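These are my notebook entries on one structure.

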Amino acid sequence: MTTEHAPPPALTVGGLDAELTDRLNEGLIAYNNAAAGAGDAASLSVRMTDAEGRLAGGLTGWTWGGLFDIELLWVREDFRAGGWGSRILAAAEAEAVRRGCDRAIVSSFTFQAPGFYERQGYTEFGRNGGLPDGHAKVHLRKTLTNGSDDKPTS
């Protein structure tokens, strides 16, 4: 009696891999939908361009099961003083509410924009310290349906 063994899987370490990201998202969305019974996962983006059509800012994230998760928000430096970050965020939140979301979450390093999110009604619910130069990653949330702060229930 002989037993054939397949070679072990290979691991490849590298940088950005868009195909891998897409496949992982597909697999996790399928698993999450089956486990949680929610099947409404969708990407959400807001793109801002200047008069010449060049990227001036934007936001990416996703919605699923009543949650809006903000992944990236960036505004080009020459547009930062004009309230464009707030407008981009408000447009994304409005779309999230239209999709049935009642809460939003985001993470931001202390040297980035936690103060910006707090001014938009987000409240801190966690912090990971120990980053270089004394910085931390701040986790914030907001209730979208009525604009009040999202307080933990327990």
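Entry 1. Is Met48 buried or exposed? I worked from a predicted model. I found a relative accessible area of 8% for Met48. Buried means under 20%, so Met48 is buried. I located Met48 in strand S1, which runs over residues 42–49. I then listed what Met48 touches, not counting residues up to four places away in sequence: Arg54, Leu55, Ala56, Gly57, Val75, Phe79, Trp84 and Ile88. I also took the separation of Met48 from Ser107, which is 59 residues in sequence and 21 Å in space, C-alpha to C-alpha.

Entry 2. I turned to helix H2, residues 84–98. Its 15 residues should span 21 Å at 1.5 Å a residue, and I found its end C-alpha atoms 21 Å apart, so the two values agree. Which residues of H2 are buried? I noted Gly85, Ile88, Leu89, Ala92, Glu93 and Ala96. These cover an arc of only 130° around the axis, which means that they lie on the same side of H2. I recalled that an α-helix has 3.6 residues a turn, so residues three or four places apart point the same way. The cover over the buried residues of H2 includes strands S1, S2 (55–64), S3 (67–75) and S6 (137–143), as well as helix H3 (114–119). After H2 I recorded Gly100, which has a positive phi, near 100°.

Entry 3. I examined the largest nonpolar core, which has 21 residues. Leu44, Leu59, Phe68, Ile70, Leu89, Tyr117 and Tyr122 touch the most other members. Two or more residues each come from S1, S2, S3, H2, strand S4 (103–109), H3 and S6. H2 gives the most, with four residues.

Entry 4. Which residues lie nearest its centre? I found Leu73, Trp74, Gln112, Ala113 and Tyr117 there, out of 21 lining residues. S3, H2, S4 and H3 each supply at least two residues of the lining. The largest share, six residues, comes from S3. I noted that Tyr117 is listed both here and among the core residues that touch the most other members.

Terms used. Residues are numbered from 1 along each chain as its sequence is written. This is a predicted model: local features need pLDDT of at least 70, side-chain atom pairs count only at pLDDT 80 or more; totals for chains, interfaces and linings use all residues. Side-chain values use heavy atoms; hydrogens and water are left out. The expected span of a helix is 1.5 Å times one less than its number of residues. Buried means under 20% relative accessible area, exposed over 50%, partly exposed in between (1.4 Å probe, protein chains only). The arc is that of the directions from the helix axis to the C-beta atoms. Contact means heavy atoms within 4.5 Å. A nonpolar core is a set of buried Ala, Val, Leu, Ile, Met, Phe, Trp, Tyr and Cys residues joined through side-chain atoms within 4.5 Å. On a 1 Å grid over the protein atoms alone, a cavity is a set of points where a 1.4 Å probe fits but cannot get out, and a pocket is an open set with protein on both sides within 12 Å along at least five of seven lines; lining residues have an atom within 4 Å of a point.
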